[in-house]
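Dear colleague,

Please find the structure below for your records. My notes on it follow.

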Amino acid sequence: MMWLKNNPIAVIFIAGISIFLFQLNVIPVTIMEARNFITAREMITEGNWLLTTMNELPRYEKPPLPSWITAIFGWIFGFENIAGLRLPTMLMAIFLGYIGYIFSLQLLNNKGHALINALILLSSFYIIVITIEAPWDIYTHGFMLTGIYFLYHFFKLPENKWKNSLLAAIFIGLSFMSKGPVSLYGLLLPFLLAYGFVFKYKGFRVNKKFFPLVAMLVLAGIIGLWWFLYVRLADPNAFLAITKKETANWSSYNVRPFYYYWSFFIQSGIWTIPALISLIYPYLKDRVSDKKSYLFTFLWTIFSVILLSIIPEKKARYLVPVLIPLALNTGFYMEYVISNFKSSFVRKEKIPVYFHFGLIGLIDIAFPFVAYFILKDGLGDFWGYYTLSSVVLFTIGILLFLQLRKKQLFTCFMLTIALVATIKTLALPLSGAMEKNSHYNSISQLNSNMLQEGVPTFCFGEIAPEMIWDYGTAIPVLKGEEEIIIPAGKKFGVLVIPVEENEFKRIFDPEYRLTLKTVYDLNYNADPGTKGHKNRLISNLYIVEKR
(Lines give C-alpha, C1' and ligand atoms only; values in the text may rest on other atoms or scores of the structure.)
Protein backbone atom coordinates (compact mmCIF):
# COMPACT_ATOMS: atom_id res chain seq x y z
CA MET A 1 0.00 0.00 0.00
CA MET A 2 2.92 2.36 0.55
CA TRP A 3 3.81 2.12 -3.16
CA LEU A 4 0.26 3.20 -4.04
CA LYS A 5 0.49 6.22 -1.76
CA ASN A 6 3.95 7.16 -3.02
CA ASN A 7 3.09 6.88 -6.74
CA PRO A 8 -0.28 8.61 -7.09
CA ILE A 9 0.00 9.51 -10.78
CA ALA A 10 0.90 5.94 -11.72
CA VAL A 11 -2.06 4.68 -9.68
CA ILE A 12 -4.41 7.13 -11.41
CA PHE A 13 -3.32 6.00 -14.85
CA ILE A 14 -3.48 2.30 -13.93
CA ALA A 15 -6.99 2.80 -12.53
CA GLY A 16 -8.00 4.91 -15.52
CA ILE A 17 -6.70 2.37 -18.03
CA SER A 18 -8.44 -0.49 -16.19
CA ILE A 19 -11.77 1.34 -16.00
CA PHE A 20 -11.86 2.98 -19.42
CA LEU A 21 -9.64 1.20 -21.95
CA PHE A 22 -10.96 -2.36 -21.85
CA GLN A 23 -13.96 -3.98 -23.55
CA LEU A 24 -14.65 -0.99 -25.77
CA ASN A 25 -16.55 -3.13 -28.29
CA VAL A 26 -18.96 -4.74 -25.84
CA ILE A 27 -21.72 -2.14 -25.48
CA PRO A 28 -23.81 -1.44 -28.61
CA VAL A 29 -23.54 2.03 -30.13
CA THR A 30 -25.97 4.37 -28.36
CA ILE A 31 -28.16 7.03 -29.97
CA MET A 32 -25.85 9.92 -29.04
CA GLU A 33 -22.77 7.98 -30.11
CA ALA A 34 -24.43 7.16 -33.42
CA ARG A 35 -25.17 10.83 -34.09
CA ASN A 36 -21.63 11.83 -33.27
CA PHE A 37 -20.00 8.98 -35.19
CA ILE A 38 -22.12 9.73 -38.27
CA THR A 39 -21.02 13.37 -38.17
CA ALA A 40 -17.39 12.29 -37.85
CA ARG A 41 -17.77 9.77 -40.69
CA GLU A 42 -19.26 12.39 -43.00
CA MET A 43 -16.31 14.68 -42.25
CA ILE A 44 -14.05 12.04 -43.80
CA THR A 45 -16.34 10.75 -46.57
CA GLU A 46 -18.01 14.02 -47.59
CA GLY A 47 -15.51 16.62 -46.38
CA ASN A 48 -18.10 18.27 -44.08
CA TRP A 49 -15.57 19.52 -41.53
CA LEU A 50 -17.09 22.94 -40.85
CA LEU A 51 -20.69 22.75 -42.04
CA THR A 52 -21.25 19.56 -40.07
CA THR A 53 -23.92 17.05 -41.06
CA MET A 54 -25.75 13.95 -39.95
CA ASN A 55 -27.15 11.87 -42.80
CA GLU A 56 -25.99 14.76 -45.03
CA LEU A 57 -28.42 17.15 -43.31
CA PRO A 58 -27.18 20.15 -41.29
CA ARG A 59 -26.25 19.29 -37.71
CA TYR A 60 -25.28 22.47 -35.93
CA GLU A 61 -26.71 21.56 -32.51
CA LYS A 62 -23.24 20.65 -31.25
CA PRO A 63 -19.86 22.26 -32.00
CA PRO A 64 -17.46 20.08 -33.99
CA LEU A 65 -14.30 19.71 -31.86
CA PRO A 66 -15.03 16.19 -30.50
CA SER A 67 -16.23 15.16 -33.97
CA TRP A 68 -12.95 16.35 -35.46
CA ILE A 69 -11.03 14.27 -32.94
CA THR A 70 -13.21 11.21 -33.58
CA ALA A 71 -12.91 11.67 -37.35
CA ILE A 72 -9.13 11.57 -37.07
CA PHE A 73 -9.28 8.36 -35.02
CA GLY A 74 -11.80 6.94 -37.50
CA TRP A 75 -9.43 7.74 -40.35
CA ILE A 76 -6.58 6.00 -38.50
CA PHE A 77 -8.42 2.91 -37.22
CA GLY A 78 -11.34 2.71 -39.65
CA PHE A 79 -14.98 3.54 -39.03
CA GLU A 80 -15.85 -0.12 -38.56
CA ASN A 81 -13.61 -0.18 -35.47
CA ILE A 82 -15.88 0.92 -32.61
CA ALA A 83 -13.05 0.58 -30.08
CA GLY A 84 -10.93 2.99 -32.13
CA LEU A 85 -13.78 5.49 -32.32
CA ARG A 86 -14.38 5.29 -28.57
CA LEU A 87 -10.70 5.50 -27.68
CA PRO A 88 -10.32 9.32 -27.64
CA THR A 89 -13.36 9.69 -25.37
CA MET A 90 -11.90 7.18 -22.92
CA LEU A 91 -8.53 8.92 -22.99
CA MET A 92 -10.34 12.15 -22.20
CA ALA A 93 -11.96 10.51 -19.16
CA ILE A 94 -8.52 9.44 -17.88
CA PHE A 95 -7.27 12.97 -18.53
CA LEU A 96 -10.20 14.28 -16.42
CA GLY A 97 -9.02 12.10 -13.53
CA TYR A 98 -5.47 13.40 -13.89
CA ILE A 99 -6.64 17.03 -13.90
CA GLY A 100 -8.79 16.25 -10.86
CA TYR A 101 -5.62 15.07 -9.12
CA ILE A 102 -3.39 18.04 -9.93
CA PHE A 103 -6.19 20.50 -9.13
CA SER A 104 -6.78 18.78 -5.78
CA LEU A 105 -3.05 18.78 -5.10
CA GLN A 106 -2.89 22.52 -5.73
CA LEU A 107 -5.92 23.07 -3.51
CA LEU A 108 -4.91 20.76 -0.63
CA ASN A 109 -1.14 20.26 -0.91
CA ASN A 110 -1.68 16.63 0.08
CA LYS A 111 -0.84 13.85 -2.40
CA GLY A 112 -2.80 11.18 -0.55
CA HIS A 113 -5.94 13.27 -0.37
CA ALA A 114 -5.58 14.34 -4.02
CA LEU A 115 -5.23 10.67 -5.03
CA ILE A 116 -8.45 9.80 -3.19
CA ASN A 117 -10.27 12.64 -5.00
CA ALA A 118 -9.04 11.56 -8.42
CA LEU A 119 -9.95 7.90 -7.90
CA ILE A 120 -13.44 8.79 -6.69
CA LEU A 121 -13.87 10.93 -9.80
CA LEU A 122 -12.67 8.17 -12.15
CA SER A 123 -14.92 5.55 -10.57
CA SER A 124 -18.11 7.63 -10.21
CA PHE A 125 -20.96 5.88 -11.99
CA TYR A 126 -22.10 8.57 -14.38
CA ILE A 127 -18.59 9.68 -15.25
CA ILE A 128 -18.14 6.16 -16.62
CA VAL A 129 -21.58 5.97 -18.23
CA ILE A 130 -21.31 9.34 -19.96
CA THR A 131 -18.35 8.13 -22.02
CA ILE A 132 -20.82 5.90 -23.88
CA GLU A 133 -24.22 7.52 -23.36
CA ALA A 134 -23.22 11.02 -24.50
CA PRO A 135 -19.47 10.98 -25.12
CA TRP A 136 -19.11 14.64 -26.11
CA ASP A 137 -19.93 15.67 -22.51
CA ILE A 138 -16.63 14.32 -21.21
CA TYR A 139 -14.76 16.65 -23.58
CA THR A 140 -16.57 19.80 -22.54
CA HIS A 141 -16.19 19.07 -18.82
CA GLY A 142 -12.63 17.75 -19.12
CA PHE A 143 -11.49 20.86 -20.98
CA MET A 144 -13.41 23.10 -18.58
CA LEU A 145 -11.86 21.54 -15.47
CA THR A 146 -8.45 22.10 -17.07
CA GLY A 147 -9.39 25.73 -17.74
CA ILE A 148 -10.52 26.06 -14.11
CA TYR A 149 -7.19 24.61 -12.94
CA PHE A 150 -5.28 27.39 -14.71
CA LEU A 151 -7.90 29.97 -13.71
CA TYR A 152 -7.38 28.99 -10.07
CA HIS A 153 -3.66 29.67 -10.50
CA PHE A 154 -4.43 32.96 -12.24
CA PHE A 155 -6.61 34.13 -9.35
CA LYS A 156 -4.35 32.93 -6.54
CA LEU A 157 -0.75 33.31 -7.69
CA PRO A 158 1.03 36.58 -8.55
CA GLU A 159 3.51 34.91 -10.94
CA ASN A 160 2.90 33.47 -14.41
CA LYS A 161 -0.24 35.56 -14.83
CA TRP A 162 0.02 35.64 -18.64
CA LYS A 163 0.72 31.92 -18.90
CA ASN A 164 -2.18 31.00 -16.62
CA SER A 165 -4.62 33.43 -18.23
CA LEU A 166 -3.87 32.25 -21.77
CA LEU A 167 -3.96 28.55 -20.88
CA ALA A 168 -7.24 29.06 -19.02
CA ALA A 169 -8.64 30.85 -22.08
CA ILE A 170 -7.56 28.07 -24.45
CA PHE A 171 -9.18 25.29 -22.44
CA ILE A 172 -12.35 27.26 -21.67
CA GLY A 173 -12.62 27.95 -25.40
CA LEU A 174 -12.07 24.27 -26.22
CA SER A 175 -14.83 23.39 -23.75
CA PHE A 176 -17.19 25.74 -25.57
CA MET A 177 -16.15 24.20 -28.88
CA SER A 178 -17.09 20.78 -27.49
CA LYS A 179 -20.68 21.41 -26.36
CA GLY A 180 -21.37 25.12 -26.26
CA PRO A 181 -22.16 26.82 -22.93
CA VAL A 182 -23.08 23.61 -21.05
CA SER A 183 -19.93 23.43 -18.91
CA LEU A 184 -19.61 27.20 -18.73
CA TYR A 185 -22.93 27.26 -16.91
CA GLY A 186 -22.79 23.94 -15.04
CA LEU A 187 -19.14 23.89 -13.92
CA LEU A 188 -17.36 27.23 -14.39
CA LEU A 189 -20.05 29.59 -13.06
CA PRO A 190 -20.55 27.55 -9.84
CA PHE A 191 -16.76 27.50 -9.41
CA LEU A 192 -16.58 31.30 -9.70
CA LEU A 193 -19.41 31.71 -7.19
CA ALA A 194 -17.90 29.28 -4.69
CA TYR A 195 -14.40 30.71 -5.09
CA GLY A 196 -15.67 34.23 -4.49
CA PHE A 197 -17.73 33.20 -1.48
CA VAL A 198 -14.90 31.26 0.22
CA PHE A 199 -11.63 32.81 -0.97
CA LYS A 200 -13.07 36.23 -1.87
CA TYR A 201 -10.60 36.46 -4.76
CA LYS A 202 -7.73 37.28 -2.40
CA GLY A 203 -4.51 37.60 -4.34
CA PHE A 204 -6.40 38.74 -7.42
CA ARG A 205 -5.91 42.43 -8.15
CA VAL A 206 -7.67 43.68 -11.26
CA ASN A 207 -5.26 46.60 -11.69
CA LYS A 208 -2.29 44.18 -11.79
CA LYS A 209 -3.97 41.51 -13.92
CA PHE A 210 -6.30 43.64 -16.03
CA PHE A 211 -4.64 43.06 -19.40
CA PRO A 212 -4.15 39.30 -18.89
CA LEU A 213 -7.82 39.12 -17.80
CA VAL A 214 -8.97 40.95 -20.94
CA ALA A 215 -6.74 38.75 -23.09
CA MET A 216 -8.25 35.67 -21.43
CA LEU A 217 -11.81 36.77 -22.17
CA VAL A 218 -11.01 37.74 -25.76
CA LEU A 219 -9.06 34.56 -26.54
CA ALA A 220 -11.67 32.30 -24.92
CA GLY A 221 -14.36 34.08 -26.92
CA ILE A 222 -12.47 33.71 -30.20
CA ILE A 223 -11.74 30.00 -29.69
CA GLY A 224 -15.22 29.22 -28.42
CA LEU A 225 -17.34 31.26 -30.82
CA TRP A 226 -15.62 31.41 -34.21
CA TRP A 227 -17.31 28.26 -35.53
CA PHE A 228 -20.77 29.48 -34.53
CA LEU A 229 -20.12 32.77 -36.32
CA TYR A 230 -18.86 30.96 -39.41
CA VAL A 231 -21.93 28.71 -39.62
CA ARG A 232 -24.25 31.67 -38.95
CA LEU A 233 -22.79 33.42 -42.00
CA ALA A 234 -22.34 30.38 -44.25
CA ASP A 235 -25.72 28.69 -43.67
CA PRO A 236 -27.94 31.22 -41.86
CA ASN A 237 -31.35 29.64 -42.48
CA ALA A 238 -30.44 26.19 -41.16
CA PHE A 239 -28.43 27.68 -38.29
CA LEU A 240 -31.29 29.90 -37.11
CA ALA A 241 -33.84 27.08 -37.42
CA ILE A 242 -31.70 24.73 -35.36
CA THR A 243 -30.91 27.44 -32.79
CA LYS A 244 -34.60 28.24 -32.40
CA LYS A 245 -35.45 24.57 -31.89
CA GLU A 246 -32.63 24.01 -29.38
CA THR A 247 -33.58 27.15 -27.41
CA ALA A 248 -37.23 26.07 -27.30
CA ASN A 249 -36.17 22.69 -25.88
CA TRP A 250 -34.76 24.36 -22.78
CA SER A 251 -38.26 25.27 -21.64
CA SER A 252 -40.50 22.71 -23.37
CA TYR A 253 -38.61 19.41 -23.71
CA ASN A 254 -38.01 16.94 -20.84
CA VAL A 255 -39.34 19.51 -18.40
CA ARG A 256 -38.94 18.39 -14.81
CA PRO A 257 -39.67 20.05 -11.45
CA PHE A 258 -37.02 22.14 -9.69
CA TYR A 259 -36.24 19.38 -7.19
CA TYR A 260 -35.66 16.72 -9.89
CA TYR A 261 -31.87 16.78 -9.43
CA TRP A 262 -31.78 16.66 -5.65
CA SER A 263 -30.94 12.98 -5.51
CA PHE A 264 -27.82 13.87 -7.53
CA PHE A 265 -25.40 12.11 -5.16
CA ILE A 266 -26.85 8.75 -6.31
CA GLN A 267 -25.20 9.35 -9.70
CA SER A 268 -21.84 8.82 -8.02
CA GLY A 269 -22.82 5.14 -7.89
CA ILE A 270 -20.59 3.16 -5.58
CA TRP A 271 -19.81 6.35 -3.63
CA THR A 272 -23.45 7.21 -2.88
CA ILE A 273 -23.22 6.81 0.90
CA PRO A 274 -19.91 8.70 1.35
CA ALA A 275 -21.13 11.38 -1.09
CA LEU A 276 -24.30 11.89 0.93
CA ILE A 277 -22.42 12.12 4.22
CA SER A 278 -19.92 14.54 2.70
CA LEU A 279 -22.85 16.90 2.04
CA ILE A 280 -23.77 17.03 5.74
CA TYR A 281 -21.78 20.21 6.25
CA PRO A 282 -22.48 20.76 9.99
CA TYR A 283 -21.22 17.25 10.75
CA LEU A 284 -18.07 17.26 8.64
CA LYS A 285 -16.85 20.88 8.77
CA ASP A 286 -14.96 20.46 12.06
CA ARG A 287 -13.58 17.05 11.15
CA VAL A 288 -11.95 17.65 7.77
CA SER A 289 -8.27 18.45 7.32
CA ASP A 290 -8.91 21.74 5.45
CA LYS A 291 -12.13 23.49 6.50
CA LYS A 292 -11.97 26.30 3.94
CA SER A 293 -11.30 24.03 0.98
CA TYR A 294 -14.09 21.74 2.13
CA LEU A 295 -16.51 24.66 2.20
CA PHE A 296 -15.32 25.57 -1.31
CA THR A 297 -16.02 22.11 -2.81
CA PHE A 298 -19.30 21.90 -0.88
CA LEU A 299 -20.55 25.23 -2.26
CA TRP A 300 -19.22 24.44 -5.74
CA THR A 301 -21.35 21.28 -5.71
CA ILE A 302 -24.47 22.97 -4.30
CA PHE A 303 -24.26 25.99 -6.62
CA SER A 304 -23.93 23.64 -9.60
CA VAL A 305 -27.04 21.69 -8.58
CA ILE A 306 -29.04 24.88 -8.00
CA LEU A 307 -28.07 26.42 -11.36
CA LEU A 308 -28.90 23.22 -13.24
CA SER A 309 -32.19 22.94 -11.37
CA ILE A 310 -33.26 26.37 -12.63
CA ILE A 311 -33.27 25.14 -16.25
CA PRO A 312 -36.67 23.52 -17.01
CA GLU A 313 -35.16 20.86 -19.32
CA LYS A 314 -33.56 18.15 -17.20
CA LYS A 315 -31.89 14.81 -17.91
CA ALA A 316 -29.81 12.58 -15.64
CA ARG A 317 -26.71 13.03 -17.82
CA TYR A 318 -26.89 16.81 -17.38
CA LEU A 319 -25.73 16.19 -13.79
CA VAL A 320 -22.22 15.18 -14.88
CA PRO A 321 -20.67 18.61 -14.09
CA VAL A 322 -21.98 18.24 -10.51
CA LEU A 323 -20.09 14.96 -10.08
CA ILE A 324 -16.74 16.70 -10.50
CA PRO A 325 -16.89 18.96 -7.41
CA LEU A 326 -18.91 16.23 -5.65
CA ALA A 327 -15.97 13.83 -6.09
CA LEU A 328 -13.65 16.40 -4.48
CA ASN A 329 -16.18 16.95 -1.70
CA THR A 330 -16.59 13.21 -1.10
CA GLY A 331 -12.82 12.97 -0.90
CA PHE A 332 -12.87 15.04 2.29
CA TYR A 333 -15.05 12.48 4.02
CA MET A 334 -13.05 9.52 2.73
CA GLU A 335 -9.77 11.15 3.76
CA TYR A 336 -11.23 11.77 7.22
CA VAL A 337 -12.41 8.16 7.47
CA ILE A 338 -9.09 6.70 6.32
CA SER A 339 -7.01 8.92 8.62
CA ASN A 340 -9.12 8.71 11.79
CA PHE A 341 -11.15 5.50 11.77
CA LYS A 342 -8.81 3.70 14.15
CA SER A 343 -8.35 6.55 16.60
CA SER A 344 -11.10 9.14 16.94
CA PHE A 345 -14.25 7.56 15.51
CA VAL A 346 -17.10 7.10 17.97
CA ARG A 347 -19.37 4.06 17.58
CA LYS A 348 -22.18 5.89 15.73
CA GLU A 349 -19.72 7.28 13.18
CA LYS A 350 -18.53 3.80 12.33
CA ILE A 351 -21.98 2.56 11.31
CA PRO A 352 -22.11 4.17 7.82
CA VAL A 353 -18.50 3.14 7.16
CA TYR A 354 -19.20 -0.51 8.02
CA PHE A 355 -22.45 -0.37 6.09
CA HIS A 356 -20.79 1.15 2.99
CA PHE A 357 -17.85 -1.23 2.72
CA GLY A 358 -19.86 -4.18 4.07
CA LEU A 359 -22.50 -3.70 1.37
CA ILE A 360 -19.80 -3.58 -1.31
CA GLY A 361 -18.26 -6.75 0.12
CA LEU A 362 -21.62 -8.54 0.12
CA ILE A 363 -22.25 -7.54 -3.50
CA ASP A 364 -18.84 -8.94 -4.46
CA ILE A 365 -19.43 -12.23 -2.65
CA ALA A 366 -22.95 -12.57 -4.05
CA PHE A 367 -21.90 -11.83 -7.64
CA PRO A 368 -21.07 -15.42 -8.75
CA PHE A 369 -24.43 -16.72 -7.50
CA VAL A 370 -26.59 -13.85 -8.76
CA ALA A 371 -24.83 -13.73 -12.16
CA TYR A 372 -25.27 -17.48 -12.63
CA PHE A 373 -28.94 -17.35 -11.67
CA ILE A 374 -29.62 -14.54 -14.17
CA LEU A 375 -27.35 -15.61 -17.02
CA LYS A 376 -27.09 -19.41 -16.74
CA ASP A 377 -28.98 -20.05 -20.00
CA GLY A 378 -26.68 -17.78 -22.01
CA LEU A 379 -23.27 -18.52 -20.51
CA GLY A 380 -22.21 -20.93 -23.25
CA ASP A 381 -19.57 -18.67 -24.84
CA PHE A 382 -18.92 -16.65 -21.68
CA TRP A 383 -17.83 -19.20 -19.10
CA GLY A 384 -14.29 -17.81 -19.13
CA TYR A 385 -15.41 -14.29 -18.28
CA TYR A 386 -17.93 -15.61 -15.75
CA THR A 387 -15.31 -17.70 -13.97
CA LEU A 388 -12.63 -15.00 -13.91
CA SER A 389 -14.98 -12.21 -12.82
CA SER A 390 -16.56 -14.42 -10.15
CA VAL A 391 -13.21 -15.47 -8.68
CA VAL A 392 -11.82 -11.94 -8.65
CA LEU A 393 -14.94 -10.26 -7.27
CA PHE A 394 -15.49 -12.97 -4.65
CA THR A 395 -11.86 -12.54 -3.57
CA ILE A 396 -12.25 -8.75 -3.38
CA GLY A 397 -15.33 -9.23 -1.20
CA ILE A 398 -13.51 -11.52 1.24
CA LEU A 399 -10.52 -9.16 1.39
CA LEU A 400 -12.83 -6.22 2.03
CA PHE A 401 -14.28 -7.87 5.11
CA LEU A 402 -10.84 -8.91 6.36
CA GLN A 403 -9.38 -5.44 5.90
CA LEU A 404 -12.47 -3.80 7.37
CA ARG A 405 -12.09 -5.96 10.44
CA LYS A 406 -8.46 -4.79 10.70
CA LYS A 407 -9.66 -1.19 10.17
CA GLN A 408 -7.39 -0.80 7.14
CA LEU A 409 -9.64 1.73 5.42
CA PHE A 410 -7.21 2.80 2.69
CA THR A 411 -6.95 -0.82 1.60
CA CYS A 412 -10.75 -1.03 1.61
CA PHE A 413 -10.86 2.11 -0.53
CA MET A 414 -8.41 0.68 -3.07
CA LEU A 415 -10.32 -2.63 -3.15
CA THR A 416 -13.40 -0.61 -4.10
CA ILE A 417 -11.50 0.86 -7.06
CA ALA A 418 -10.40 -2.67 -7.96
CA LEU A 419 -14.06 -3.72 -7.89
CA VAL A 420 -15.01 -1.05 -10.45
CA ALA A 421 -12.05 -2.00 -12.67
CA THR A 422 -12.95 -5.71 -12.46
CA ILE A 423 -16.55 -5.05 -13.45
CA LYS A 424 -15.38 -3.12 -16.51
CA THR A 425 -12.64 -5.52 -17.60
CA LEU A 426 -14.08 -8.94 -16.71
CA ALA A 427 -17.80 -8.68 -15.89
CA LEU A 428 -19.00 -6.28 -18.60
CA PRO A 429 -18.64 -8.86 -21.41
CA LEU A 430 -21.23 -10.98 -19.59
CA SER A 431 -23.85 -8.60 -20.98
CA GLY A 432 -23.46 -10.72 -24.12
CA ALA A 433 -24.93 -13.65 -22.21
CA MET A 434 -28.23 -11.84 -21.71
CA GLU A 435 -31.27 -12.98 -23.66
CA LYS A 436 -31.07 -11.84 -27.29
CA ASN A 437 -33.78 -10.40 -29.48
CA SER A 438 -34.73 -13.31 -31.73
CA HIS A 439 -35.83 -10.82 -34.40
CA TYR A 440 -32.60 -8.82 -34.41
CA ASN A 441 -31.68 -7.93 -37.98
CA SER A 442 -28.71 -5.70 -38.83
CA ILE A 443 -28.98 -3.26 -41.71
CA SER A 444 -25.23 -3.22 -42.38
CA GLN A 445 -25.39 -5.32 -45.58
CA LEU A 446 -28.37 -3.56 -47.15
CA ASN A 447 -26.42 -0.87 -48.99
CA SER A 448 -24.07 -3.29 -50.75
CA ASN A 449 -26.93 -5.70 -51.58
CA MET A 450 -29.10 -2.98 -53.09
CA LEU A 451 -26.18 -1.55 -55.06
CA GLN A 452 -25.56 -4.98 -56.58
CA GLU A 453 -29.19 -5.08 -57.67
CA GLY A 454 -28.98 -1.53 -59.02
CA VAL A 455 -31.80 -0.38 -56.73
CA PRO A 456 -31.30 2.92 -54.84
CA THR A 457 -32.37 3.13 -51.19
CA PHE A 458 -34.15 6.01 -49.44
CA CYS A 459 -35.75 6.58 -46.05
CA PHE A 460 -39.17 7.99 -45.25
CA GLY A 461 -39.30 9.94 -42.01
CA GLU A 462 -36.68 10.50 -39.34
CA ILE A 463 -34.87 7.19 -39.19
CA ALA A 464 -32.98 6.27 -35.98
CA PRO A 465 -29.32 7.42 -35.88
CA GLU A 466 -28.30 3.88 -34.89
CA MET A 467 -29.91 2.64 -38.11
CA ILE A 468 -28.02 5.18 -40.25
CA TRP A 469 -24.77 4.32 -38.49
CA ASP A 470 -25.29 0.59 -38.98
CA TYR A 471 -26.20 1.18 -42.65
CA GLY A 472 -22.70 2.55 -43.21
CA THR A 473 -23.44 5.68 -45.25
CA ALA A 474 -26.02 8.43 -45.63
CA ILE A 475 -29.59 7.48 -46.61
CA PRO A 476 -31.38 10.09 -48.77
CA VAL A 477 -34.51 11.38 -47.03
CA LEU A 478 -37.82 11.45 -48.92
CA LYS A 479 -39.93 13.06 -46.21
CA GLY A 480 -38.30 16.06 -44.60
CA GLU A 481 -39.74 18.70 -42.28
CA GLU A 482 -41.07 20.82 -45.15
CA GLU A 483 -41.36 18.66 -48.27
CA ILE A 484 -41.82 15.15 -49.63
CA ILE A 485 -39.65 13.97 -52.53
CA ILE A 486 -40.75 11.30 -55.01
CA PRO A 487 -37.76 9.50 -56.60
CA ALA A 488 -37.58 9.58 -60.40
CA GLY A 489 -36.78 5.89 -60.88
CA LYS A 490 -39.29 3.12 -61.56
CA LYS A 491 -37.95 0.89 -58.79
CA PHE A 492 -36.35 1.80 -55.49
CA GLY A 493 -36.18 0.75 -51.84
CA VAL A 494 -37.62 2.78 -48.98
CA LEU A 495 -36.92 2.33 -45.28
CA VAL A 496 -40.01 3.32 -43.32
CA ILE A 497 -40.24 3.74 -39.57
CA PRO A 498 -43.45 2.30 -38.05
CA VAL A 499 -45.01 5.65 -37.11
CA GLU A 500 -44.70 6.85 -40.71
CA GLU A 501 -46.05 3.72 -42.38
CA ASN A 502 -49.62 4.97 -42.92
CA GLU A 503 -48.41 8.25 -44.37
CA PHE A 504 -45.95 6.43 -46.63
CA LYS A 505 -48.66 4.15 -48.01
CA ARG A 506 -51.07 7.04 -48.49
CA ILE A 507 -48.56 8.86 -50.67
CA PHE A 508 -47.19 5.94 -52.70
CA ASP A 509 -50.11 3.46 -52.92
CA PRO A 510 -52.03 5.01 -55.82
CA GLU A 511 -49.21 4.91 -58.36
CA TYR A 512 -46.76 2.35 -56.96
CA ARG A 513 -46.78 -1.29 -55.97
CA LEU A 514 -45.40 -1.69 -52.43
CA THR A 515 -43.73 -4.93 -51.36
CA LEU A 516 -42.49 -5.39 -47.80
CA LYS A 517 -39.13 -7.10 -48.28
CA THR A 518 -37.75 -7.29 -44.75
CA VAL A 519 -37.87 -5.72 -41.28
CA TYR A 520 -34.69 -4.38 -39.73
CA ASP A 521 -34.65 -4.51 -35.95
CA LEU A 522 -31.67 -3.14 -34.01
CA ASN A 523 -33.03 -3.95 -30.55
CA TYR A 524 -30.33 -6.21 -29.07
CA ASN A 525 -31.95 -7.70 -25.99
CA ALA A 526 -35.71 -7.15 -26.28
CA ASP A 527 -38.12 -9.11 -28.47
CA PRO A 528 -41.01 -7.29 -30.16
CA GLY A 529 -43.85 -6.72 -27.72
CA THR A 530 -41.63 -6.80 -24.62
CA LYS A 531 -41.06 -3.82 -22.34
CA GLY A 532 -37.58 -2.89 -23.52
CA HIS A 533 -38.32 -3.10 -27.24
CA LYS A 534 -38.05 0.32 -28.95
CA ASN A 535 -40.11 1.00 -32.05
CA ARG A 536 -37.68 3.69 -33.18
CA LEU A 537 -35.08 0.96 -33.81
CA ILE A 538 -37.38 -0.68 -36.36
CA SER A 539 -37.32 0.06 -40.10
CA ASN A 540 -39.44 -1.71 -42.69
CA LEU A 541 -37.84 -2.05 -46.11
CA TYR A 542 -40.32 -1.68 -48.94
CA ILE A 543 -39.52 -2.26 -52.58
CA VAL A 544 -41.45 0.41 -54.46
CA GLU A 545 -42.22 -0.16 -58.18
CA LYS A 546 -44.16 2.14 -60.48
CA ARG A 547 -47.35 0.50 -61.71
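Phe95 lies in helix 5 (residues 82-108); helices here are DSSP runs of H or I with at least four residues, strands are runs of E with at least two, and both are numbered from the N terminus. This is a predicted model, in which local features need pLDDT of at least 70, side-chain atom pairs count only at pLDDT 80 or more, and totals for chains, interfaces and linings use all residues. Residues are numbered from 1 along each chain as its sequence is written, and side-chain values use heavy atoms, with hydrogens and water left out.

With a relative accessible area of 27%, Phe95 is partly exposed (buried is under 20%, exposed over 50%, partly exposed in between, with a 1.4 Å probe and protein chains only). Leaving aside residues up to four places away in sequence, Phe95 touches Gly142 and Thr146 (contact means heavy atoms within 4.5 Å). Its C-alpha atom is separated by 16 Å from that of Ile170, 75 residues apart along the chain.

Turning to the strands, five of the six residues of strand 4 (residues 491-496) are buried. Strand 4 runs parallel to strand 3 (residues 457-460), joined by four bridges (strands pair if DSSP finds at least two bridges between them). Within this pairing, Phe460 has Val496 of strand 4 as its bridge partner. Strand 4 is also joined to strand 6 (residues 538-546) by six bridges, and these two run antiparallel. There, Gly493 stands opposite Ile543 of strand 6.

With kind regards
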